[in-house]
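I opened my notebook on a structure that is new to me too. Let me share what I looked up, entry by entry.

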Amino acid sequence: MENVLSVHNLEKSFKKTKVLQDISFEVNKGEIMAILGPNGAGKSTTIRNIMGIMYPDEGEVTFHGHHGEGIPRHKIGYLPEERGLYKNVKVMDILLYFAELKDYPKEKAKKRALDYLKKFGLEGKENASVEELSKGMGQKVQFIGSIIHEPELLILDEPFSGLDPVSQEVFKQEIKELASNGTGILLSSHQMNLVEEMCDRLFMIHQGQKVIYGSMNDVKAEYANFKCTIYGNNELRQLETIPQVTRVEQDGLTSILYLTQDVQVPSWIKQIPESLNIQELSVDRISLHEIFIDVATGQSIAKEVGDSHA
Amino acid sequence: MRNSFKVGKWEIKRNIKNKSFIISLFLTPLIFIIFATVPNLLSDNEDQTSATKVYMNDELGVWEMVEPFIEDDPMINWEVVPTTDDWDTMEDRIATQANSAYIELNEETIDESVVTYIAGEGLDPAFDGQIRILEQPLKQIQLQQADLTEEQLQLASMPIHFESIETDEGATGEIEEAEAGLGADPFEKGIPAIFAGLILFSIVITGMMIFQSASQEKKDKVAEIILSSVTPGELMQGKILGYFVLGLIQVGVWLTFALPLAIWLLEDVPVLEYLFVPETAILVFIAVLGYLLFASIFVGLGATLEDAASGSNFQGMVMMLPFLPVIFIGPIVSDPTGTIAQVTSYIPFTSPTVLILRLAILDKWPWLEILISIAILLVSIWIFMKLAGKIFKVGILIYGKNATPQEIWKWLRA
């Protein structure tokens with residue numbers, strides 16, 4: 001697959017603290033790549049270093065063979081986490097300004113702006129003042145602003161924050177469509193369910209360092225082991241004796257049994273002791289959401305899995 | 001640079017379409033006109049009603065000699081009533097009339113060199129000075145009666161002139177100017193200076209808009225989107241450029257109001273002739289330098305503040321810098337070549353205003369001082385642009401708080 005962006009050994013310090021350390025990943029043409037991590041993990045800093053808003057202390061950002069300040073930034077679209085619009089201007093004026101800054105032809109930009117406004121249910125708003133827009137409408141206009149110039153790489157920092165479910169769906173569909181048309185997309189988000197649904201690959205970062213990097217399927221296969229949730233009055237000690245259980249979390253009558261990576265679910269179920277009190281039982285995979293929380297709270301499922309192997 | 005132009009163009013377009021900019025654009029000259037004309041109208045009325053009534057018992061025919069001069073002199077507003085009534089009757093009459101006087105001119109005046117007059121109640125205080133216009137003709141009569149030859153008479157009645165001859169080539173021109181300069185026209189130097197001052201004032205005002213704009217950019221959180229396409233330096237330059245043009249547009253609009261008004265008010269002054277001289281170009285150049293200096297300070301400062309209203313004392317003090325010269329106006333006007341005037345010409349924050357002020361007053365321009373001042377200004381502009389760039393780069397991307405002076409200091413040293 002053609003490589004659009006590659007980040008190599010990125011390092012950045014603010015004063016004495018290292019906020020990024022040895023960050024390396026790639027974004028390919030037509031793929032949606034997620035960069036995940038808790039607040040303050042270094043996602044936005046990584047993105048700002050890619051956009052040339054900051055420059056890394058070490059390492060290199062390469063876009064289509066261009067490095068550092070030579071990166072043709074008009075081929076990149078960017079929706080920052082902290083974003084807004086000038087207040088007392090017309091929607092169309094600000095979109096055309098964004099297009100002009102990217103050296104995109106005015107007439108084409110106008111047409112694209114109108115098309116997208118229509119697509120996002122903002123038809124007829126092109127002459128409205130930005131002040132008159134609701135927050136969600138404003139977000140849509142910002143999104144249009146970031147893609148108006150047909151970028152080859154689109155960087156979206158928390159594109160879903162503050163959106164209602166309907167708008168989230170609209171954005172999700174549009175992002176998928178852009179990717180299928182060949183745009184490389186780097187996306188950061190806290191909405192794990194959305195990331196799980198739409199992303200091809202992910203890079204998880206914690207305290208400025210890589211935690212997980214790989215394709216969504218690989219990550220799920222590696223980290224998203226099976227877990228068995230049992231509702232019933234059972235002894236913790238007894239649950240822990242069941243084979244292939246790495247860890248048990250108990251909260252009242254609910255017990256969650258984390259299973260080893262190589263578990264075969266049907267055969268494992270057969271060996272559940274008959275003495276257990278089971279009112280309800282379910283087996284499913286650990287979700288990305290749970291992996292994220294574990295990473296963020298420092299428990300790290302990945303680590304425990306490794307420990308159990310050892 | 002191309003990106004700076006784009007940013008500049010946008011800032012111009014955005015403001016031109018903004019209602020409050022348009023309103024202030026037209027309201028400001030309107031306020032100026034009101035301030036310029038209303039007191040004039042009021043004082044005009046006052047002049048008409050307050051002509052001093054002067055009863056003149058003139059046995060010497062002096063009045064006929066001075067009458068044409070008095071009519072020409074805008075400073076003297078007399079309504080002269082010839083009279084032959086004696087001192088006592090006049091004393092009673094003057095006592096009952098406000099702003100009136102009685103002057104007696106006869107042989108006794110000539111012999112004793114004393115003009116006696118009765119000053120009524122509420123007499124214009126300027127009357128003491130105005131009455132001196134009678135001195136010259138009385139002296140002449142005295143001399144005529146002294147039986148002098150024509151030559152002696154001429155010599156005696158000729159006032160003493162003081163002429164300076166300088167060693168450099170410009171000397172002859174200097175004298176000519178000095179001779180013509182007795183009634184020297186304050187407008188000749190004043191109009192280019194007023195013009196430059198207007199430009200400086202206007203662009204300092206738009207400079208403050210730069211501050212607003214940088215701070216607003218932060219508040220609206222647009223900065224990061226823009227910075228994904230342009231560098232912080234380009235964004236800053238674009239703002240400085242854009243607001244410079246806005247300032248010129250403002251001056252242009254104001255001038256379309258001010259010029260016809262000035263031409264109308266100052267009927268006898270060839271306003272346009274005085275305006276289009278090489279001096280104007282230098283003064284305007286100084287004004288532009290002043291703008292660049294303050295604009296770079298303000299754009300950096302604006303990037304440190306999210307909410308202009310919550311700025312600390314530090315930022316407030318910096319905002320007051322353009323008004324610093326106001327403190328020195330008194331001493332400079334009274335002594336335009338004095339130490340204070342010279343020193344403030346060399347301090348970058350005061351030098352644009354002080355220079356324009358001094359050059360308006362001084363007949364002979366201190367070229368060396370002007371050059372040094374301009375050099376200092378150019379260097380400071382370069383330094384402040386660098387510093388502002390550093391502050392702007394970091395400040396514009398910090399959200400949710402205002403920067404403290406300590407932080408700003410840290411950015412500057414980075």
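Entry: I began with helix H7 (residues 216-223) of chain A, which lies across strand S9 (201-206) and S10 of chain A. H7 runs at about 115° to S10(A). For the angle I noted that axes are lines fitted to C-alpha atoms, for helices over the stretch in contact, and that angles run from 0 to 180 degrees between N-to-C directions. Helices (H or I, at least four residues) and strands (E, at least two) are DSSP runs, numbered from the N terminus. Contact here requires C-beta atoms, placed from the backbone, to lie within 7 Å.

**Entry: ground rules.** This is a predicted model, in which local features need pLDDT of at least 70 and side-chain atom pairs count only at pLDDT 80 or more, while totals for chains, interfaces and linings use all residues. Residues are numbered from 1 along each chain as its sequence is written, and chains are lettered from A and ligands numbered from 1 in the order in which they are written.

**Entry: the sheet.** In what order do the 6 strands of the open sheet stand? I read S6-S7-S8-S3-S9-S10 in chain A, with mixed pairing. Strands pair if DSSP finds at least two bridges between them. Strand S6 (76-79) and strand S10 (209-215) of chain A stand at the edges with a single partner strand each, so one side of each has no neighbour in the sheet. On average, neighbouring strands of this sheet are turned by 15° against each other, direction ignored.

S6(A) runs parallel to strand S7 (residues 153-157) of chain A, and 4 bridges join them. A:Gly77 stands opposite A:Leu154 in S7(A). Helix H4 (residues 135-147) of chain A packs on the sheet and touches S6 and S7 of chain A. The direction of H4 makes about 160° with that of S6(A).

**Entry: a hairpin.** S12(A) and S13(A) form a hairpin with 2 residues between them. A:Gly252 in the turn has a positive phi of about 65°. Strand S12 (residues 245-251) of chain A is antiparallel to S13(A), with 6 bridges joining the two, and A:Val248 has A:Leu257 as its bridge partner. Strand S13 (residues 254-259) also pairs with strand S11 (residues 226-231) of chain A, in the antiparallel sense over 5 bridges. There I found A:Lys227 bridged to A:Tyr258.

**Entry: the cores.** How many residues does the largest nonpolar core have? I noted 134, and those with the most contacts inside it include A:Leu95, A:Leu202 and B:Val299. Such a core is a set of buried Ala, Val, Leu, Ile, Met, Phe, Trp, Tyr and Cys residues joined through C-beta atoms within 7 Å. Its largest share, 13 residues, comes from helix H14 (residues 278-302) of chain B. Apart from this core lies another, of 14 residues, among them B:Ile76 and B:Leu123.

Up close, the residues that A:Leu202 touches include A:Ala34, A:Ile212 and A:Met216, not counting residues up to four places away in sequence.

**Entry: one histidine.** A:His66 lies in strand S5 (residues 66-67) of chain A. Is A:His66 buried or partly exposed? It is partly exposed, because 13 other C-beta atoms lie within 10 Å, where 20 or more would count as buried and 12 or fewer as exposed, with C-beta atoms placed from the backbone. A:His66 touches A:Ile71 and A:Pro72, leaving out residues up to four places away in sequence.

**Entry: where the chains meet.** I found 16 residues of chain B in contact with 19 residues of chain A. On the chain B side, helix H1 (2-16) and helix H11 (223-227) each supply at least two residues, and H11(B) gives the largest share, 4 residues. That side divides into 8 nonpolar, 3 polar and 5 charged residues. Ala, Val, Leu, Ile, Met, Phe, Trp, Tyr, Cys and Pro count as nonpolar, Asp, Glu, Lys and Arg as charged, and the others, Gly among them, as polar.

**Entry: confidence.** Chain A averages a pLDDT of 86, and 96% of the residues score at least 70; pLDDT is the predictor's confidence in each residue, from 0 to 100. Over residues 302-310 of chain A, pLDDT stays under 50.

Note on methods
Contact = placed C-beta atoms within 7 Å.
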